[in-house]
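Subject: Handing over the structure

Hello,

Please find below the structure that I promised to pass on. My notes on what turned up in it follow.

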Amino acid sequence: MAFPFRNPTALSSLTAPEAVGLTTVQGTNFSVLQVGGFMEVHYLSDLALTLSGLGAQSNSANTIPIQISLGVGTSFSPRATLTLNSDNVSSGRRKLGMLVYVYETDTTYQYIIPDYDNLFNAVSAYTGSSGFVYTTNSTTVATRTPEGIEFINAWTGSTIEGVDGVIRDDARWRIYYNGKAQLTGGTYDSDTRILNLLNVTGGTVSISGFTAPVTGGTINYETSDLTLQSSDGSSVSISGFDAITGGTYDSGTTTLTLYDNLGSTIDVTGFTSSASVSLSANTGLGSDTDVLYTIYNTLVDDAVTNVEVGGAQSGTTAATWKTRTFVEVLDEILFPDVEPTYTIPTIVTTGINDLTVEVGSVVSATIGATAIKNDAGDFSQLRVLRNNTAIFTDTTISAYTETNVPDQFGYVNPNSPNSGFTLSPSPYTDAYTIPAPTGVTTSTETLYKVDGNYASGQAKKNNKNVTDTRTPAVRETDAPQLSANTFTSSTSTLTGIYPYFYGKSASQPSASDIASAIQAGTSTKVLSDASGTISATFGASGEYIWFAHYVNYTNKTTWYVSELNQGNVGGSTNLFATPTQEDVSSPDSYWSTISFDIYISNYATSTTGSMQFRN
């Protein structure tokens with residue numbers, strides 16, 4: 001589908017231009033307070049986003065913020081809700097394509113989200129709150145689908161080209177070159193006599209026509225033409241170098257050096273001297289500046305791929321192998337690089353499990369926790385959390401010796417000795433009254449878990465005794481362990497519900513009689529979810545029978561004993577009359593005056609075994 005760009009609207013608008021007086025020295029607004037366009041900031045850090053806490057993010061430290069709200073990660077409060085402006089290409093003060101000049105680096109950056117249309121269309125495939133919600137002045141999306149999460153992640157990214165190793169393709173803020181391709185280097189193929197110049201965007205310009213070795217060159221600053229002179233007196237002219245300001249050629253090193261208007265230099269290598277060496281094809285020899293070297297210059301077609309041999313993985317094209325020397329080929333086959341693996345830290349809780357409990361009852365949760373650092377650093381804190389809120393914080397955790405993570409490749413693991421950490425005191429006890437459901441809900445959830453903070457671990461050695469240079473990551477088995485806070489254990493859930501009740505009577509009881517019997521504890525209580533089929537064993541002999549459940553559960557429409565003994569619920573002629581609502585109080589004083597649906601038999605009956613009541 002076409003991207004739904006809209007001319008932006010807002011809650012307030014102007015009907016005529018605004019201006020300042022001709023003698024006024026003030027402007028109409030600061031550039032960093034507008035939506036998109038061109039802005040100026042002082043530091044690279046002004047391009048970043050800082051998100052913290054819950055709710056609408058209004059951190060004053062965000063110079064160019066987006067409009068986003070963070071939640072707790074439930075169906076009613078998604079982990080994030082992003083609001084776009086009405087044009088669908090901006091949020092807050094950020095807009096796709098905007099330019100920002102950073103004084104600190106004297107560089108202009110452009111805000112880019114690659115593949116934005118496809119990201120947008122992927123969310124648009126959903127309807128309702130799972131997709132985009134449009135209003136006159138805004139468009140919102142929440143983290144309810146994988147596509148929504150990916151879309152919001154794209155807007156919250158603030159990576160900068162050239163900062164912390166970020167390359168151009170992975171950057172949200174890319175250096176703006178004003179449409180000009182800046183050169184980064186080049187090579188010269190003496191066999192084909194072709195000069196290949198590389199630019200910052202990954203493009204290549206190939207220049208042919210060299211009939212002899214290059215001996216020098218000149219630049220025409222008015223026409224921006226570069227002219228290279230050869231030893232035979234011929235020359236080659238190259239036009240379009242807006243950023244090139246000059247250049248030199250060193251015949252001793254056969255290196256062409258170009259200068260740009262940013263003050264940097266670009267070296268182009270591969271030119272041959274006046275002497276030449278003729279090499280036959282497929283001899284395994286090559287030459288570079290009159291120096292011979294071995295090269296795997298097979299005649300196999302470039303597109304052919306190899307099978308797995310030793311450490312050489314299958315699928316590499318012959319074109320790649322042709323760039324390597326014989327020693328490099330044999331090293332890859334015989335001695336592949338094998339990176340170390342890492343054991344991530346763990347937190348295990350004890351003493352509490354998933355459990356169904358009665359609303360209003362007091363649960364004494366005894367919670368223990370064991371955290372093992374493995375290949376990470378030591379734990380410095382453990383917390384017990386109820387419903388994602390810390391109820392106990394321990395920064396004096398007790399340490400003990402754990403089994404070491406095994407060494408690899410014969411090199412000592414730098415993260416040994418291993419240590420475990422426990423809560424102090426352990427276990428921690430929390431006496432908590434189970435809350436009642438509200439609105440139309442039928443249950444509540446009380447969540448218990450433990451989280452911890454730990455330090456970074458050390459990088460290990462690979463099979464060649466070289467320290468692992470991969471970027472540390474949080475709990476990844478193929479990277480050194482990066483420090484992390486609030487690493488959580490699994491969650492134990494206490495589900496609070498109202499029980500259902502059933503009983504029998506020699507005479508037909510009223511709903512009020514049954515409420516009194518329940519409160520007096522003379523009926524049978526069953527602590528079970530009554531949203532589906534429930535059952536009761538009345539053991540009636542010529543008696544009236546009844547059952548009752550919390551009013552928010554679905555009404556029961558049929559009763560069932562066997563295929564030959566079943567019927568409908570409701571009315572005056574069926575076994576059970578239409579349910580009556582009555583306030584009921586707990587026989588254990590856990591809750592009071594809660595509305596229940598009470599089902600009473602229209603006549604006395606006898607029962608054998610279990611009777612089911614179905615929706």
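Predicted model: local features only at pLDDT ≥ 70, side-chain atom pairs only at ≥ 80, totals over all residues.

Residues are numbered from 1 along each chain as its sequence is written, and side-chain values use heavy atoms, with hydrogens and water left out.

The overall picture

The chain has five helices and 42 strands; helices (H or I, at least four residues) and strands (E, at least two) are DSSP runs, numbered from the N terminus. Of its 615 residues, 39% are buried. Taking contact to mean heavy atoms within 4.5 Å, 61% of the contacts between residues at least 6 apart in sequence join residues at least 24 apart.

Helices with a buried side

In helix α2 (residues 146-156), the buried residues are Gly148, Phe151, Ile152, Ala154 and Trp155. They are on the same side of α2, because they cover an arc of only 150 degrees around the axis; the arc is that of the directions from the helix axis to the C-beta atoms. An α-helix has 3.6 residues a turn, so residues three or four places apart point the same way.

Helix α1 (residues 116-124) buries Tyr116, Leu119, Phe120, Asn121 and Val123. Their cover includes α2 itself, along with β4 (80-85), β9 (133-134) and β10 (138-142).

Further along, helix α5 (residues 511-520) has Ala511, Ile514, Ala515, Ala517 and Ile518 buried. Their arc around the axis is only 160 degrees, so they too sit on the same side of α5. The strands they pack against are β34 (500-505), β37 (544-550), β40 (580-584) and β41 (594-600). After α5 comes glycine 521, with a positive phi near 80 degrees.

The nonpolar cores

A nonpolar core here is a set of buried Ala, Val, Leu, Ile, Met, Phe, Trp, Tyr and Cys residues joined through side-chain atoms within 4.5 Å. Which residues have the most contacts inside the largest one? They are Phe538, Phe576, Phe596, Met611 and Phe613, in a core of 34 residues. The elements giving two or more residues to this core are β34, α5, β36 (534-536), β37, β41 and β42 (611-614). Apart from it lies another core of 32 residues, including Phe3, Leu84, Met98 and Val102.

Phenylalanine 596 is worth a look on screen. Leaving out residues up to four places away in sequence, Phe596 touches, among others, Tyr498, Pro499, Phe501, Ala548, Tyr550, Val584 and Trp591.

A buried strand residue

Isoleucine 367 lies in strand β25 (residues 362-372) and is buried, at 2% relative accessibility. Beyond its neighbours within four places in sequence, Ile367 is in contact with Thr350, Ile352, Val384, Leu423, Pro427, Tyr428, Tyr448 and Val450. Leucine 423 is 56 residues from isoleucine 367 in sequence, with 9.1 Å between their C-alpha atoms.

Backbone points to check

Most residues other than glycine have a negative phi, and most peptide bonds are trans. Here are some exceptions:

- The bond from serine 416 to proline 417 is cis, with omega near 0 degrees; proline 417 is in the loop between β28 (398-401) and β29 (419-422).
- Serine 426 and proline 427 are also joined by a cis peptide bond, with omega about 0 degrees. Proline 427 is in the loop between β29 and β30 (428-433).
- Phenylalanine 409 has a positive phi, near 60 degrees. Its place is in the loop between β28 and β29, and it is partly exposed, with a relative accessible area of 36%.
- Aspartate 106 has a positive phi, near 55 degrees. It is in the loop between β7 (99-102) and β8 (107-111) and counts as exposed, at 57% relative accessibility.

Do have a look at these when you open the model, and send me any questions.

Best wishes

Methods: Buried < 20%, exposed > 50% of the residue type's maximum accessible area, 1.4 Å probe, protein only.
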